[in-house]
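Hi everyone, thanks for coming.

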Amino acid sequence: MDQKRVSLPTEFYSYFKVFHELMAVKIREILLVSSSYDAFILEEDGSLASRIINEYSGLNLSQPPRVTRTSSAYAALEYLNEKKFDLVITMPHLDEMDACALALEIKKLKPELPVILLGHGIRSLLPLRYNRDCSAIDRTFVWSGNSDLLLAIVKNTEDLLNVDFDTRRAKLRVLILVEDSPLYYSTLLPAIYKEIVKQTQAVLELGLNEEHRLLLMRTRPKILLAETYEEAIGLYEKHRDFLFGVISDTRLPIKGKLEDDAGFFLLLKIRNEISDLPLCLLSSDAANREKARKIPAAFLDKNSPNILADIHEFFLRDLGFGDFVFRMPDGREIGRASTLGELEKKVAEIPEESFWYHGTRNHFSRWIMARSEFSLASTLREVNASDFSNVTEAKQFVISQIRTLRKWRQKGVVAQFRSRHFDPEIMDFLRIGQGSLGGKARGLAFMAALLHEEPYIHEKYPDVNIEIPKTLAICTDAFESFVEENHLEQYAKEDFPDEDVRESFLRSKMPEWLSKELEAYLAQVTYPLSIRSSSLLEDAQFQPYAGIYHTYMIPNNHPDPKVRLQHLVTAIKLVYASTYYEGPKAYSRSITSQPQEEAMGVIVQQLVGEQFGDFFYPSLSGVAQSHNFYPVPPMKPEEGIAHIAIGLGKTVVEGEKALRFSPKYPNIMPQFSTIDDILENAQRFFYALRTKNYPEELNYSRDSNLERREIREAEEEPVIRMLASTYVPEEHRLRDSADLPGPKVVTFAPILKYGIFPLPEILSDLLELGRKAMGCPIEIEFSVGLSTEGNHKGDFFFLQLRPMVADVERFEVRIRNEDINRALCYSTQALGHGENTAIADIVYVKPQEFKPEATLQIAAEIGRINAVLVKEKRPYLLVGPGRWGTADRWLGIPVQWKDISGAGAIIELRNEKLSADSSQGSHFFLNITSLGLHYLTITEDEISKDFFDWQWVDGLPALHKTTFLRHVRLEKPLLLKVDSKTSQGVIVKS
């Protein structure tokens, strides 16, 4: 396969799942207790609540807390009894009791509730701090009019409440600030918080979407404040495994007494124990800069007018924010990297001396740590130069670790396409535009996230790569722009022939912004592409539009980029045009949707497969459903069913010959019961994309640029040889090997019989996973690429997920013997559940006139009668032989949905003239069952109990006749009953 397999550690699959658990304790409700005068001073530039909201909005933070204010201490205590608060902020001057006394009363009521004392200056706090028991005050801050302090108070309280869980659960980093002066830490803490939030936002990878950017913000370092040497040592020892850095004042209290060099000795102790941890010494005495050099540590002058700029520089230089600056051992700069992708590229290019200089000092680890990639940072930190035999090996280790991380970060994420940061090898699922993804892309995105969150699937099949092909979703706003700019709105409101719609859309111009995005995409993508619909209504819950819209394949390998762009744009325009074709409109009306409400998204997806000569195709493709409508004992309906075929999936979804099996019982195949059955029912044709020697003007009208090839023409190609058996005429038997002389017959025996690839097991697991996740029966489309390399068995690509809607009405249906005795027909293979008394018209193919070679003409005749009955709003019973809606005219009648959109029930006859396997598995069949139409299969032979009363129906007067059809009308409607529990169906004569 062209796709590169990336093996990811189990912990990677729960990456974003863990982030949801972080910052579990949030400050949402604040009680502010202050005198009216204090509140006036505090709010002179706007209310406290507004200022907090503005700070949150300015930093793109979510969920600012609400503030409730009272001037009465007693009222505050009553509030606490009536409502849950997460934080109390009290001002020092209160009428009924002072702040320290209030805090003591609060702790009696709510011992765990944080209480913050906020003063207007040091002087306002002194009487309280020295003359009262203020032990219930958790922290004291000094207000200087800077609303950043409010954000810092909230965030610092949250950090303290969450730090223990978050560090254990996700290895979050901790930054310790050691400062005893409320005046100074009231200035420093807001500056540090603002800097760390801005820097964290700045380093987040641009490839992620907004949801995950917000989640990643939860991984910013926690900031913990210590006011004494003992408190600082306690925080250091408790969190040393998660430390990101320590910033400490030089003078600190030790045992209640200020010591001039306490901070110096604190940082010196830490440096001796953790040699590469970023440290910073604070002091209002510039002479202490020399002490910082001895540690060694950075130095910040607290009296500097540029203190904020100095903090910013410390974050960039020492904590690893900003660009990674590559240097030689002499300090000379030789390059920079601003993203993980650039870092990966530069590591491969830099000289050996520079690599060892940064590697031995843990610079790579620290820089990656600042980007919240703790697992990778820890991995790089734990390895030593001695672990590698040479620099090339060490470089390759670092590069592979970064690449694996980048690949993994994109798993399960729909990221915004940005041409500057686009890496096709790393990014799996991208979107262009701001509108809806559409139903099909939404289903794919859901499954991508599900596979990412359920690591057991990957653990169970370690030798199989299970994933979604690389996908670009063009959102519905691009379609709306295209329609509006080209004035195509009339096609939504009125009906036009498909050809008129097609030509008008092809003449129209693509929005310039979209063309530029597609051009940038194709500049880096040269593999074959599948262009598929993803409308707003398509594959919506209980409304699957399976196969209604068009899909196109393009080789995407022309030497001229302009030609490749034109091929892609043409395919997109044709998908857009299919929105307003007659078939989709008829289908939309049948489910009461308004066609004008439809908007089309497009999926541009990597075509799965390999190159074989002039053609490109996968080993096999298929459709699997979690509900089997035709279970043969010992199969059960809930165990599901699968249909597979060599090559692209068109063979299966359009009802051509494919292999049908239950994933639970892969060796039970009724259509392969005997050698004659196998020879009759085995796949003879398959679809492949021509990628060489194709015309510059691709053929979009015939098979969507695909070619229908005969199996016998491709017998020497690896896929056929791997999956086919050989028929030995002399023995009238099949040998499970393609190496013998003789005709090749596609049996899939190596998979279903010998297990060279665990397809049945994977399908069973994915069907169960999808069914539980969607809460209803599902259908999936997939492709498989088999491998012969080492222990890697191959790749399983998940192409589509949609609901089946096998809904059962909530009443019991009883089919009695007297119903069968009075019946027009009886079936032991009926789909649906319930009763129908609305059908009084029957349209049937005359058995004596039917010819397999005339099925196209029959389909056209049905379409004309259907159009009349739809206008008259008369549902009808449709009866005919073989597969309805098949693309193979020799297996049944190839009607399209628009030809039978008015049918109220359908009968599929299996007899000597046409005895094809059931339609189940085709798009057509899925739409019939999804709409809740009753569908009866009647097998007309001597063994079956099924029957159809031809004598009675032929005796009714014909309302309308054609060459192959009769249309009869009854005075009273028929009574149709279907019991889903027994799969019985009966239509009782009126």
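Let's start with Arg403, which makes a salt bridge with Glu344, with 2.8 Å between the closest N and O atoms. Arg403 sits in helix H18 (residues 391-410) and Glu344 in helix H14 (residues 340-349), so this pair ties together parts 59 residues apart in sequence. Helices here are DSSP runs of H or I with at least four residues, strands are runs of E with at least two, and both are numbered from the N terminus.

A salt bridge, by the way, means a side-chain nitrogen of Lys or Arg within 4 Å of a carboxyl oxygen of Asp or Glu. The structure has 56 of them.

Before I go on: this is a predicted model, where local features need pLDDT of at least 70 and side-chain atom pairs count only at pLDDT 80 or more, while totals for chains, interfaces and linings use all residues. Residues are numbered from 1 along each chain as its sequence is written, and side-chain values use heavy atoms, leaving out hydrogens and water.

Back to our pair: is Glu344 buried or exposed? Glu344 counts as buried, because its relative accessibility is 7%. Arg403, at 27%, counts as partly exposed. Buried means under 20% relative accessible area, exposed over 50%, and partly exposed in between (1.4 Å probe, protein chains only).

Now take Lys516 and Glu512, whose side chains meet in a salt bridge at 3.5 Å, N to O. They are four residues apart in helix H24 (residues 512-522), so about one helical turn separates them. Both Lys516 and Glu512 are exposed.
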